[in-house]
Amino acid sequence: MNEYKILFTGTMGAGKTTAIGSVSETPPIVTDVVNNDSSHSKARTTVGLDFGQFTLESGDRVRLFGTPGQSRFDFLWKILSKNALGMIILTDNSRPDPLADLRVYLDGFADDLDIMPCAIGIGRLGDHPSPTMDDYIEELARHDRVLPVLEVDVRKRDDVIMLIDTLLAQLEAGMFGE
Amino acid sequence: MSTLRLGAYNLPAAEVVLVQTLFRLFAHGDAFRWTFVTAPPYDALLVDGTRPEGMKAEVDRMARAVLRLVRLNGGDAQNTLERPIRADRLQEWLKQIEHDLLTTLQVASGQDDQPEPPVASSPVRFKLRRWPPATLLRGDPHRIRMATMLSRRALNAAELATISQQPAEACQAFLMTLQTTGLVDVRGEAPPRPAPSADQPAKAAPAKPAFARSLISGIRKRLGL
């Protein structure tokens, strides 16, 4: 049996735990504690990592890891990203500066993003239309990245699956011609 | 009588509604050839000339003619229109562009030896230079998948059809839309070389190609894709 890994990252409250729960066959293992970060109203937050998984017909497993949201835990990001099939960056458009949030992850995972499939999921865009999708695309262009940018509601399984599918499509495109 | 297509790029919703309303009024005349569309291809495009993205060269490649909306007293340069939008001035510009476009078409139709643009049916490959706007993808999983593949490597229509398992016609149409809107770069005809990213997903390269394909199809099956 082989095990593979997909990483979910993004700011606190972006919905990493919910996204993992949307596709995991088991309830996600969550390492939440009471939030004492006064900059965010969320009652509880992840300080270690979230974990879910699903099993393929072959018996292989795909493990879904969510990073802790706060950048002070960025030492864990490198560990978690190692050997991942791909990474999903979730943003929360209700936050004060979602593009600055995105920059944290584009910079923090810069080395990984040179080779690893990645997709951006924008949450709460309906209620918070600014920045727009185009603003995100422009931000990525400033980082010389062309990555899938999709509006998502992480409570919806189909939205999360769509993000995962873009990771698979990137893998397929990369293998073409082999 | 052929119809010409006007679109809007990043305009405030109120102005889009205003233009749509004006078009309904203009259409009462027999000679009005324009229709307002929400998706490419465009013959002409209305953009916000006061925003940085409205001034980019990519915007000029999205249509054969671009009209930029500027502030009141913002100047009367060619292909600009001061706000608020005045019906007579918009109509005047459309008539001028209509004349130019139809003249160009007539000249082009008389010149069979015109070089063809690098359309998607050719072996020329295309690579996404910028992720397409949501209005172009329309939430269509197939379009999203095709755009994703083109974001990763340069492909022609036949190759895109093979990888995405979509009909060649759909891939060709999608590539043409991307090309019309200036979202793809044209690349040479060199055979595809495996991209390092997919060769070695996450550095450790857990899978050889055949095995990786089996893994990908296994994940898709498990997720109901």
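Okay, a pocket here is an open set of grid points, on a 1 Å grid over the protein atoms alone, with protein on both sides within 12 Å along at least five of seven lines. I start there since pockets come up in a minute. And keep in mind that what you see is a predicted model.

So, the largest pocket. About 720 Å³ of space lies in there. The lining runs to 28 residues, and the ones nearest the centre are B:Ala8, B:Tyr9, B:Asn10, B:Leu11 and B:Thr135. Sort the lining by class and you get 20 nonpolar, six polar and two charged residues.

How many cavities of 30 Å³ or more turn up in a search of the whole structure? Three. The largest cavity holds about 120 Å³. From chain A its lining has A:Asp134, and from chain B it includes B:Tyr9, B:Glu53, B:Lys56, B:Arg130 and B:Trp131. The class count for this cavity is six nonpolar, one polar and five charged residues.

We have six helices and eight strands, and along the sequence they go β-α-β-β-β-β-α-β-α-α-β-α-β-α. The chain has 178 residues, and 60% of them are buried. If you take contacts between residues at least 6 apart in sequence, 67% join residues at least 24 apart. The accessible surface is about 7,100 Å², with 50% of that belonging to carbon and sulfur atoms.

On H1, residues 16–23, the buried ones are A:Lys16, A:Ala19, A:Ile20, A:Ser22 and A:Val23. Looking down the axis of H1(A), those buried residues fall within an arc of 155°, so they line one face of the helix. What do they pack against? In chain A, that would be S1, strand S4 (50–55), strand S5 (61–66), S6 and helix H6 (157–175).

On to H3 of chain A, residues 98–108. Its buried residues are A:Pro98, A:Leu99, A:Asp101, A:Leu102, A:Tyr105 and A:Leu106. Their arc around the axis is only 155°, which puts them on the same side of H3(A). The partners in chain A are strand S1 (3–10), helix H2 (74–81), strand S6 (86–92), helix H4 (110–113), strand S7 (118–123) and helix H5 (133–142).

Over to chain B, with nine helices and seven strands. Of its 225 residues, 46% count as buried. For contacts with a separation of 6 or more, residues 24 or more positions apart account for 62%. The accessible surface comes to about 11,700 Å², and carbon and sulfur atoms have 54% of that.

Where are the cis peptide bonds I flagged? One runs from A:Ser130 to A:Pro131, with omega near 0°, and A:Pro131 lies in the loop between S7 and H5 of chain A. Another runs from B:Arg83 to B:Pro84, omega near -5°, with B:Pro84 in the loop between strand S5 (80–82) and helix H3 (87–109) of chain B.

And two residues other than glycine with positive phi. A:Asn83 has phi near 65°, in the loop between H2 and S6 of chain A. At 38% relative accessibility, A:Asn83 is partly exposed. B:Arg138 has phi near 55° and is found in the loop between H4 and H5 of chain B. Buried or exposed? With 57% relative accessibility, B:Arg138 counts as exposed, since the cut-off for that is over 50%.

That's me done, thanks.

Key
Residues are numbered from 1 along each chain as its sequence is written. Chains are lettered from A and ligands numbered from 1 in the order in which they are written. This is a predicted model: local features need pLDDT of at least 70, side-chain atom pairs count only at pLDDT 80 or more; totals for chains, interfaces and linings use all residues. Side-chain values use heavy atoms; hydrogens and water are left out. Buried means under 20% relative accessible area, exposed over 50%, partly exposed in between (1.4 Å probe, protein chains only). Helices (H or I, at least four residues) and strands (E, at least two) are DSSP runs, numbered from the N terminus. The arc is that of the directions from the helix axis to the C-beta atoms. Contact means heavy atoms within 4.5 Å. On a 1 Å grid over the protein atoms alone, a cavity is a set of points where a 1.4 Å probe fits but cannot get out, and a pocket is an open set with protein on both sides within 12 Å along at least five of seven lines; lining residues have an atom within 4 Å of a point. Grid points are joined across faces, edges and corners, and a volume is the space filled by probe spheres set on the points. Ala, Val, Leu, Ile, Met, Phe, Trp, Tyr, Cys and Pro count as nonpolar, Asp, Glu, Lys and Arg as charged, and the others, Gly among them, as polar. Accessible areas come from the Shrake-Rupley method with a 1.4 Å probe; for residues, only the protein chains shown count as cover.
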